[in-house]
Every structure is written in structure tokens, then in C-alpha cells.
Amino acid sequence: MTDRVVVRDPVCGMEVDPEKAPVSLQWEGQTYYFCCEHCMRRFLQEKTSG
Amino acid sequence: MTVQAIVRDPVCGKEVDPQTARYALTREGRTHYFCSSDCLARFVTDGTGAADEPNPTVTSPEPAPSSEAWTVPIRGMHCASCVLKVEEALQALPGVHRVEVQLATQTARVEADAAVPAAALVEAVRRRGYDVETAEWRLLIEGMHCASCVERIERTLRRQPGVLEATVDLARGTAHVRVIPGVAHRKALAQAVADVGYRVLAVETRPIRETWVHREYRDYRRRFWVSAVLTAGIVFLELPSMLGLTTGPLPGLWTQGLLLALALPVQFWGGAPFLRGAWTTVRRGSADMNTLVALSTLTAFLYSLAVTVMTVIPHAGPDTWGHHTYFDTSATIITLILFGRLLETRARARMGEALGRLMALQPTVARVLRDGSEVEVPVEDVQVGDLIVLRPGDRIPVDGEVVEGFSTVDESPVTGESVPVDKRPGDRVVSGTLNQTGRLVFRATQVGDATVLQQMIRLVERAQASKAPVQRLADRWSARFVPAVLGVAVLTFLVWGLGGPEPRWVNAMVSAIAVLIIACPCALGLATPTAVVVGVGRGATRGILVKNAETFEKAARLRVIVFDKTGTLTTGELQVRTVEVLDPAESEAEVLRLAASVEQASEHPIARAIVEAARARGLESLAVEDFRAEAGVGVRGIVEGRRVVVGTASVLDREAVPADAAARARARMEALGQRGETPVVVIVDGRPLGIVTVADRVRPEAQAVLRDLRAMGVRTVMLTGDVPTTAAAIARELGIDEYRARVLPHEKAAHIRELQATGSIVGMVGDGINDAPALAQADVGIAMGRGTDIAVESAEIVLLRNDLRGVVEAIRLARATVRTIRQNLFLSFIYNVLAIPLAAGVLYPWFGLRLHPSVAAAAMAMSSVSVVTNSLRLRRTGGHGKS
């Protein structure tokens, strides 16, 4: 992993360091980084409830 | 990083290639791969992966419903019947196993599943017209990043036992929780938050229990004073008519109006606590003392109001109503009962003092050595092994062992030991005690709930809230009492109304009011618990922990006390008793000096006793060469070129001692052995020089304690592993009534059973080391404190001070407590039994004697106060007072 750029949590908008992110998700081949479990769940909820 | 070629989808089990997987979840470095979005979503939402559980086939099981014991503070209970109602309310909740409500401490001890929500407890109590005391705690939380964390923490906190409401403030990094103190635990909350990934810096709690007792007290005080002034006005206005004068200071109409104006606030503001209480119970179709007070005062007030109205409005009806008003009656009753409550509340605040004092001993912060510097941390964060620094004047925050420094520590608040204790490296320090003179560094050995102080607080709390068997009876009795009294009041009303003197119905009303007022079973409800609370508290301040109320009843009836010799009658250490010279040419000092010189190389307890004795006499030990020890026989070595042997009688044979000298030595050793001492012979160059005997060090206070016990009518029995001759000698020396020799540790309980078979209540004093079964078998197990483990399960009484006098003191305290309970029950019972017929007017036909309602109110207020005051006398039960 060479990507050292800080990314944003897609739910709460917080800046997350991909290296240190507590939770990350690969979704349809794309990787998302979250600040916490909670944000990941909300993300998943939105994706699956369509 | 090696990547497995193929992994399995944790949900459907299909094989997935990590390189090409389109769905994956990474948590704390662990990655799961999925075949589809559905599997991923199910993985997350099913909670299969909610915990950081890498193996999804093992679902984290719901924790088995563990039973917990809580102490729930209840507000608004004033009567024994309230106790039963709150008990019923809580008992009815699903998941609640056992409930014990205490009037004196205003608490409910609830044993329930941890899953029982706090809100349900509160709701159940509130529905019955009482309330649960709640507190607000503040958690300082680190690591909250986003708004969605807030919800997560709040949800976690709300799920904790005892938490009613939780609000997280993201900006400040704090969480406010409304909790039931005694159910919620600071540590549990902090842990729960930590478990979901945040750091709790501190949990701030403010002690609120004290404040609400005081708040209640202030409230009653205000109502009382206002009512008292108004009532004084009423009595002044009513005085002329009471004295039979026709004219008062003001014309009739004015007087009536003024009376009404004065009585109105007394009735509805001063009496508001009773009216409110009565309303909630009436709505539920039951009755308690509030009902009695409300019913009686409202009757008097409303009747008087009607009379007043009819004085103003001319009416034509028959004049059976009379013209006399009873505003004075309703107002006086309320004022006097307020006065009673006022005193009762104040006394209750004072009863809790012992516990409050214990709680106040717990420091909130500790100065911990971290990386060479002193850091102040909240006491909850102190870990076992932390090094803690104490400056002079610091209270000790947790239990530990001194590693550096020298100081004296005042242990009196915890153990009752009045003399400050020296502390040097290796000594134990106990939480709650006070460092006095020097700087100490100690290593924490017990922290959090495990410290001696916290254990003590819990034990005292639980003991104070426990119910004596006699109280259960009193509670049940007084619960049936109120309906019965209502019946008596109705009967009184009817009898007076139908056959009494004119004005019949007015007299009937007054008498019925007197019955209602006099019959309040309050004193009965307070009789036992107040004595128990004060007794337990008194014990705690003297270093005597009594586990529950029932123990008092049993300890007061003790007829036999069994002592496990070692550790109780004796300290368990050996001590040199006698030094006898066999060779007239030698001196005692020389015998001891030579023996000590050889023994200094040995670790045996006898050796240590001899070395210590020599040191105590100022004898310098000499160098020993060629030292050898033989287990069970003795030691030998060369001292100043002389061959010295110290050992049991058997060494006499091995050293080729001349037969006559050996026989003489053996005879002396046997004679000394008969006295209960263990002799060793000192042989120098083949000649027996002298005999040294050692024996258990008898506690200096043992004799006096046994004498006291006998004077109290308690038979004393000693259990010992010694041979009968030794046991007899010790029993004689100490003045013990009876002894059982050659008792093996596992036989102790059988001896207790045997003594119990004679029908006596048997107590057992032990040091709690290997006598747990015996302590448990005894009716009252008394453990001599070793300071660390005060929650000895098998013992009913724990003595924190290493002093046998505590046994006598504990029995005296138990007897005093039981005596107080009896006095209280008698006071309140006799009072009700005598006063009700009097109030009903049973004596009126013959003596014209009846009880004015105001007098009844005064008497009833005084009866509660006298019971509480009588219990408070227990606080002065001293160690050396009369038993």
C-alpha cells in the first residue's frame, strides 16, 4: 500500500488515515475507510437498502 | 505479508480469492472476504462479526443472565407498611429474585438479573407512590471523533445496569448519565465505554445521598416552623372557647374567618407531604400512615369549614352540627407530626454517620510514580503493582505493601486501633488509614472494589440493610395494622355517634380522629432497623464488622465460645519460656548464648525464638563453623572450638552423653513438656549444659478476655492439636473452662457440631486460615482479622483489630443491640395496645377519660422519636462499659 494520502470517512466526513483506520470496507471493488464501526454500518445500510 | 491464496466467505462458506474479491471488511487489522454484498451486509447486520470475533461460525453468545445484588435508595418511605409495598412492587418485576427493603436506611436490596433495566425499577417504585433516588454522573471520554460515535456510546451506556439516561456531549467530550447509585458502577460504565473503543479519563460522581436526607430535613423544618407559628395563632384564638368563655378577643365571625385563614395553609401546605402520600396509596386501594394522618386531619378541617360556612350563612336546619370548630385539632396534629418527622429525619441522618464516615475515608486521587515522576490519577485507575507515593498527612488510597520510607500510620478509623502503627518496607498499608509522619512509597496489592475499605463499606451497607428475623414479623404485623385501625375508627365513630354524649356525632368524629392518629404503627416499623443500623455502625467504628442483623440475635444468645488455640489464644509465634541450667558451673546466659549461636544459622521457628530471646537479653551470638541441621532432631556446629548440639531428647543418645546425665536431662525435659512447653537440650562437648523451652506466645489480653467471657455467662472451650498434657497446662494457665486436645484441623467442625448437639448456641473464634468449615458450622463464626481478607465468607463477625478483646466487645454490642430492639418493640407495641382503647374512649363511660386528638398526635410523634433516640444510645456502647 503506497497510498499515504488522508481520505475522508464517507459518512461523517472526518479525515481518516487509511493506515490507521479502525474499519475499512471493500465494496464493489472500491475501498472505503471509516472512523468507526458505526459509520461503516450506516454506510452499509444506505448501500443495501438501495 | 503472506496472503493465503483462497479464503472462505464467513457467511456462505464459498471460496473467495482475496486478490479478486470485490467485497471485504477490515476491522482492527483483520480482513474478511465475501462473495457478495449480501453476505457482507448479513455479516455486519447479523452481529456475527459485531465483536472482534474473527471466526464467524462462533456467534458471541448472549451472556448468561448473571444475578447481581444492588442497593437501591428509595425516597418517601415513612412507615413499615411502605416497606412491604415497595417490596411487593419490586418483587413483581420479572428478573428480580429477592428484595429486602429497609426503612431505617431507606434502601432496597435487590437481587436480580443484570439485564433488569433500571427504568423498570424506578417505574415500579414510582407507581406505588415512592421514588428512587437518582444521581448524575459525568464521564470524561477521549477518542470521540464523529457525531455517530455519540449514539453508539449513549446506547452502550443505556444498556448498563442502573443507567436511566445517557447523553453524550461531543464538543466537550463528556457523557452525562442519570443513574441509580448502588446499581450502576463507575467501573462498569467506564469499562463498557472502553469496550466499544473509547478511553474514559474519569467518572465524576457527587455524593448525593447525604444531600437528599438533608434536603428532606430542610423541607420538613420549613413546613414545621411555618405550621407551628400558624397553629400557635389558632390555639390563641381558640383558647377562650376551650376555657369555656363565650367571648374571644374578636367577634365570632371574625374569629371564624381568621381561624380558617390560619388553618388553610397548615392543612394544605404543611400537610402536603401527607396528603400527597395518602393520595397515591388511596388510588391503589391501600392505606398507610399517610392515609391515617390525611383522613383524620381532613375530617377535622372539612367539618370545621362546614361549621364556619354555616355560621356565615343563616340556615334553618336542625342545630345538630354544633358551633365548635376543630381547626386547632387539624393544625396541631399536622404540626406535631411534622415535628416528629423532623426529628426522625435528623436522627436518620445521624444513624448513617458511621457509613458516611467510612465513605469519606476513601481518597479520590492517588499519587502514582510513573516513569520516575509523581502523577495524580483518579483512584479507580490505580492498578495492582503501581507504586504510590504518600506524603505526611495523606490518606492511603488503596491497599499495598511499603517498598520505601518510614512513617507511622493512624489506622484507627479502619481497625479501631488507637495507637499509630510504624510502617517500614515490607509492612502492609490499608486503604483509608492516615499516613502521619514520613514519606512512604508503596506497591498497590489490592485496588478498586477489592480494597479493605471498599469491602468494609459494602459489608456495612449490606449489614445495615439486612433484616433481623424479628423485624419481618413486625413488618407484617404493622401492614395488617392499618386496615384494622380503620375498622376500629369506624366502630368508635358509630358507637359514639349512636350512644355517646351530645353533640353525639361531633364527639364521635373527635374520638375517631384520636384513634386514627394514635394508631400509626410507625414506631413499630422503626424499632428494629434503627437499632440494627446504629449497632452495625457502632461496630464498624470499633473494628468489628457484623455481617447481618440476624448475627446480633444469635451472638447475644451465645452460651459457648470455642477458640482455635493457635492464632487466637496464642499469636502463633514461638517464644522462649524457660532456660534451665543442668551444669551448676554454667549460667543461663551462657546456655542461651551458645544455643543461639548455633541456631542463628537455622530457619526453624524454634531456632528463631531462641535467637530472638538471646538478642532480647543483649547476648552477642558467636560465629558458628561446620553447621549442620537434621530435620526433626536438631542442629550442631562448632562455636569457639566447642562442639555444640541443640535438639530434642533423641540427641542425648547420639552424642554419647554419660547415662546418668542423660537420664537427668531427659527427666527434666519431660517435666517441662508437661507444662505445655517444647524443650530442647543444649549439649556442649558431650555434656548436657542446659534446657531451653519454647511455647506459643500467649496473647497478652487472652486471660482477661476469658475472665470477662466467664463473667458474662459464656463457657469457653479450646481446640488444639497439642497433646493432652500440654493442652491442660495451657487451659489452666489461661483459665479456660474446657479443652479438646489432639484435634486435627478437619475435625474442628465436628467438635462444634457436638457442642451444638447439647442445644447451646455455639460461637467459634478462629483466624480464618484453616478453620473455615468450623467457623461456618458455628452459629456465630468470629474471624480474627488479618487485615487483608475481611470478607471471610464463613464468618458472621470479622474483627479487624488483631486483638482478642474484640470478641468480648462484639458480644456486648450484640447484647446491647438486641436489648435495644426489645425495648423499642416494647415501647411501640405497648403504646399502641394501650393507647388505642384509650383513644376509642373505652374508659369514658366510667372515668370520663378520653384522649384529645392533639394529645394523641403529640404522643404518636414522641413514640417514633423515643424509639429512634433509644437506638441512637447504642452509639455509646463502649468496649469497657457494662454488658
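Visitor: Is B:Glu374 buried, partly exposed or exposed, and what is the relative accessibility behind the answer?
Guide: In this predicted model, the class of a residue follows from its relative accessible area, with buried under 20% and exposed over 50%. B:Glu374 has a relative accessibility of 33%, so the residue counts as partly exposed.

Visitor: With which residue does B:Glu374 form a salt bridge?
Guide: The closest N and O atoms of the pair are 3.0 Å apart. The pair links distant parts of the chain, with B:Glu374 in strand β14 of chain B and its partner in the loop between β15 and β16, 17 residues apart.

Visitor: In the salt bridge of B:Glu754 and B:Arg740, is B:Arg740 buried or exposed?
Guide: The two side chains meet at 3.1 Å, N to O. B:Glu754 is partly exposed, with a relative accessible area of 45%. Buried means under 20%, and B:Arg740 has a relative accessibility of 18%, so B:Arg740 counts as buried.

Visitor: How many salt bridges are there over all chains?
Guide: Some of the charged residues are linked in a network of salt bridges, namely B:Arg98, B:Glu100, B:Arg109 and B:Glu111. Over all chains, the number of salt bridges comes to 34.

Visitor: What kind of aromatic pair do B:Tyr303 and B:Tyr326 form?
Guide: A pair of aromatic rings is described by the distance of the centres and the angle of the planes. Here the centres are 6.0 Å apart and the planes stand at 50°. Planes under 30 degrees apart count as stacked and those over 60 as edge-to-face, so the pair of B:Tyr303 and B:Tyr326 is tilted.

Visitor: Over the face of which residue does B:Arg223 lie?
Guide: The arginine is placed at 5.2 Å from the ring centre. The residue whose face B:Arg223 lies over is B:Trp269.

Technical notes. Residues are numbered from 1 along each chain as its sequence is written. Chains are lettered from A and ligands numbered from 1 in the order in which they are written. This is a predicted model: local features need pLDDT of at least 70, side-chain atom pairs count only at pLDDT 80 or more; totals for chains, interfaces and linings use all residues. Side-chain values use heavy atoms; hydrogens and water are left out. Rings of Phe, Tyr and Trp (its six-membered ring) pair if their centres lie within 6.5 Å; planes under 30 degrees apart count as stacked, over 60 as edge-to-face and the rest as tilted. A charge sits over a ring if NZ of Lys or CZ of Arg is within 6 Å of the ring centre and within 35 degrees of the ring normal. A salt bridge is a side-chain nitrogen of Lys or Arg within 4 Å of a carboxyl oxygen of Asp or Glu. Helices (H or I, at least four residues) and strands (E, at least two) are DSSP runs, numbered from the N terminus. Buried means under 20% relative accessible area, exposed over 50%, partly exposed in between (1.4 Å probe, protein chains only).
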